[in-house]
Structures are given as structure tokens and as C-alpha cells.
Amino acid sequence: MRTITITVAVDVAGALAAATLTDNLYLFDDNRANGSINQGTSVLKTRVKEGDRLLWLPLPFEPEVFASIHAIELDARYCEPQRRTYPGSHVVYWEGVVKQDLEIAPYRVTFALGDPPGLLSSAENPSLIGDGDRPGGAPGRRETAGKAR
Amino acid sequence: MAQQITVYVLIDSVAAFEANRLEGNIYLMDNLRTEGSKNQGTGQLVTAINGTAWSNGTQANEPLLNWLVAGLSSLPVTLPRNYQLDRSRESERVALDAMRLDARALKSDPGAENVRDGLIRAAAALGVHPRFENEHGELERHALQLLDLRGEVVPEADLEADDIHQLPPIITDITGEAVDEGILYPAQYGTPVPINAGWYWSATASTQRPGVYSYTMHIKVYKLIFAGGQPIWQDKDMTYDSQIQVRSRQMVNGFTGGGTGLLPIC
């Protein structure tokens, strides 16, 4: 079991101005060495194994503007992320355990942004990927939503 | 008014530390994608600095560039400024309260096993202060206890866990072509905003001479290591080059797109 952080960066002013997360969302993880790909894009693919613990952490570009991860929606067969709050603060993060090995599990990120907060969801989906989708093996395959193995 | 440009520097600290290099482990973004910055989310960001000039050619605004650094295996930067210190103190207060009660109970009944067990448990739950090498090369006790990525204090028994909050990297200097050429004038400032305990690097930019200029970030990267079973924050100094593209155009009225005379009166 490993702990993998997925940092979800959002250009808050850009997203509020355009009323979309498209082109304003950048995801990163600390698992590139083990095969995660598409770092710094909205379609990050995080390589995971059964039992891995995932933490989704927020990184808003404007620290002065309210920005909070409102939801992480993922196929419950693979992972059920839970909303958590840092003790003694209002900062929200999401945590989930990978329930079983998988090929690909896309997920959707929804942010609450601004004051009063409005909800914006990602149009392009980041994913969790398994060992069957290693880069170099067959690049570009399985770009669409996968099925359970 | 000066244009505020923020460059976010996101670093996979553990990977950079182990590889002894920032290349491949650093990602840069700024808030000027719509204004012409290129290669967002990569190590090759080119930040657009769009200056304006009066009709006589003198500079009309002073763009401000801010750098904010964050680590990929670290707590979110939006947590309160002294979060790690507050959590350390809170855990020590809880442990001390428990120990005080246990000690009182032991005084009245020195043989009470449940009290003795409680005391041992309270001591075991105490957090750990790692050491760090100070400017004299001596190992010194770090003021902050280790936290995990959920903001909880890490007890001694869990030191080997893989979810420890790594001290975020910090910028220690900005140098390079853009500074030598008098395009960027960098300095370190303080702010109530919680990132990096409120310290950040900022620069004003001269836009008199448009062009592409490189600059060098000097970055200290930390990783928790163990020496003789003792946790130590070890640091490494690294550098990374990035670029700015300076443009300048004549000042226009933002409402009319025309000259900078009086605003139109409705």
C-alpha cells in the first residue's frame, strides 16, 4: 500500500471569468516514477494498485479567493473518495482507497469557487489507471472509459 | 495599476531530492494563460509580461511578478499560516493534560496499572521533532513536529509511514539574464497569505526592452531522511531556469480602445 497525493490546481480567476474549468484545471501526482502520465493537464492518469491510498489536495491559484474541492466522482467499484476537513481548519481534501486493481477509471472533479460559491465540474476527465495501460506498451490505447477487468 | 502576475512553482520534492535535479520534477503555471503565457503545467513555462508605454515611449505600468512554491507531497498551501506549529502545540497540550492527570492519579495510588498504561500511551502518542542542520553545520531540533498529509501529528511508532508531510521547497534567490539585464528586480517579501509561512519572492519588471529573457530560480528542496534512527530534514540546493516574454504596446483607453484622454461621459 502506498499513499499517492493528487494535487488539483485551479486557475480560480480564469475559471470564474470563463465560467468553466476547461483550460483552468491542472492535475499532478507524486507517482510519476511509477508510471503516472499527463502531469500538469486536466487528464492526469494516476497509476494505482489495489490498496493504494489516494489524497486529492487543492491548489487554488488565488489564495485570497474561496476555492474548495466539492466532489470527486468515481466508479464506486474502484474507489469511493470521502470528503475530509483538515483538523482546526476549513480546508477540504478528499481521501479514498483503491478497492481493486483496474484498467482505467475516469473521474470527475467539481470545485466550489468564489463568493457566493458556484459549482464548476471538469469537462475532460482525469483517470486512475492500472498496470495494463503502461506508457510505452501501447501508447494512446484505452483513451475512452474502460470496463472492470 | 501594476499588473499582478503569479508564477506557481510545483515541485515533486521527494523525486527531485532523490534524482538530485529539478528537471522532470518541477511544473510551472501562471495566471496569464489568456494573455499569452505558454506551456502551462510543464517545466517550460514562458510567462507573458505585457507592458504598456505612453506615447512618448516611457513605461506606463510596472508589472509585478510573484513566485509561489508548493510541494507535491506536502499539505495544501491554503492551510493557515502557522498550521504545522498550531498542530504541534495542540498535540503537546493534549498529551501534557493527559500526563498531568495520570501523574496525579499515580501519586494517590502508585500501583495503579491502568494509570501507568495511560501514561505510557500518552507518551507514545507524542509527536516527533526532527533535526536539521543549522548554519554552523550542527544538528538542531526543528521547532515543528512531523505531521502527516491529513494534518495529524506523527508519533514515533509511525515514522516509517509514507504519508508524512514533506517540508515544502523554498526559493532562496532569483538571478540570471533577466536580472543581469535590468528587466527583473527581484526581492523577498512577507504577506499574511499562508503560503510558505508568508514569505514569497516578487519582482518588478521593466518593459522598456521587449524580448525573451531567462531567469534562474534557486530552490532549496527538503526530504525527511533517517540517520541512526533519527529523523532529519535534509536539504539540497538546486537551480532551475525559466523564461519571460516581455512585450510592450502603447497605452490605450480600456473602455474605448482609443487614446488615453478623458473617459467617455454617458
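**Two chains and their interface**

Student: How many residue pairs are in polar contact across the interface of chain B and chain A?
Tutor: This is a predicted model, and both residues of a pair must reach pLDDT 80 or more to be counted. Strand E1 (4–11), strand E2 (26–30) and helix H2 (83–108) of chain B each supply at least two residues of the side that touches chain A. Across the interface of chain B and chain A, the number of residue pairs in polar contact is 12.

Student: Which element of chain B gives the largest share of the side that touches chain A?
Tutor: Strand E1, strand E2 and helix H2 of chain B each bring at least two residues to that side. The largest share is three residues, and they come from E2(B).

Student: Which side chains meet in the salt bridge between chain B and chain A?
Tutor: The count between the two chains is one salt bridge. The rule asks for a side-chain nitrogen of Lys or Arg within 4 Å of a carboxyl oxygen of Asp or Glu. Here the N to O distance is 2.9 Å, and the side chains are those of Glu95(A) and Arg150(B).

Student: How much area do chain B and chain A bury between them?
Tutor: The size of an interface is often given as the accessible area lost when the parts come together. In this model 32 residues of chain B are in contact with 32 residues of chain A. Of the area buried between the chains, 60% is on carbon and sulfur atoms, and the total is about 2,700 Å².

Student: Which residues of chain B lose the most area to chain A?
Tutor: The contact involves 32 residues of chain B. Three residues together make up 22% of what the chain B side buries: Tyr8(B), Leu72(B) and Arg150(B).

Student: Is Ser89(A) buried or exposed?
Tutor: Ser89(A) sits in the loop between strand E6 (82–85) and strand E7 (92–97) of chain A. Not counting residues up to four places away in sequence, Ser89(A) touches Leu79(B), Pro80(B) and Tyr83(B). The cut-off for buried is under 20% relative accessible area. Because its relative accessibility is 13%, Ser89(A) counts as buried.

Student: Which residue has its backbone nitrogen 3.0 Å from a polar atom of the Ser89(A) side chain?
Tutor: A polar contact needs a pair of N or O atoms within 3.5 Å. The distance from the Ser89(A) side chain is 3.0 Å, and the backbone nitrogen belongs to Val91(A).

Student: What pattern of helix and strands does chain A follow along the sequence?
Tutor: Chain A has one helix and 10 strands. Of its 149 residues, 51% count as buried. Read along the sequence, the pattern is β-α-β-β-β-β-β-β-β-β-β.

Student: How many salt bridges does the rule find across the interface of domain 1 and domain 2 of chain B?
Tutor: The assignment gives domain 1 as 4–74 + 166–250 and domain 2 as 83–158. Eight residues of domain 1 are in contact with 10 residues of domain 2. There are three residue pairs in polar contact between these domains, both residues at pLDDT 80 or more. The number of salt bridges is zero.

Student: Which strand of chain B gives the most to the side of domain 1 that touches domain 2?
Tutor: The C-alpha centres of the two domains lie 37 Å apart. The domains bury about 740 Å² between them, 69% of it on carbon and sulfur atoms. With four residues, the strand that gives the most to the domain 1 side is E11 (residues 230–250).

Notes: Residues are numbered from 1 along each chain as its sequence is written. Chains are lettered from A and ligands numbered from 1 in the order in which they are written. This is a predicted model: local features need pLDDT of at least 70, side-chain atom pairs count only at pLDDT 80 or more; totals for chains, interfaces and linings use all residues. Side-chain values use heavy atoms; hydrogens and water are left out. Buried means under 20% relative accessible area, exposed over 50%, partly exposed in between (1.4 Å probe, protein chains only). Domain bounds come from an automatic or database domain assignment. Contact means heavy atoms within 4.5 Å. Buried area is the accessible area (1.4 Å probe) that two parts lose on being put together, summed over both. A polar contact is a pair of N or O atoms within 3.5 Å; within protein, one must be able to donate a hydrogen and the other to accept it, and residues adjacent in sequence count only if both atoms are side-chain atoms.
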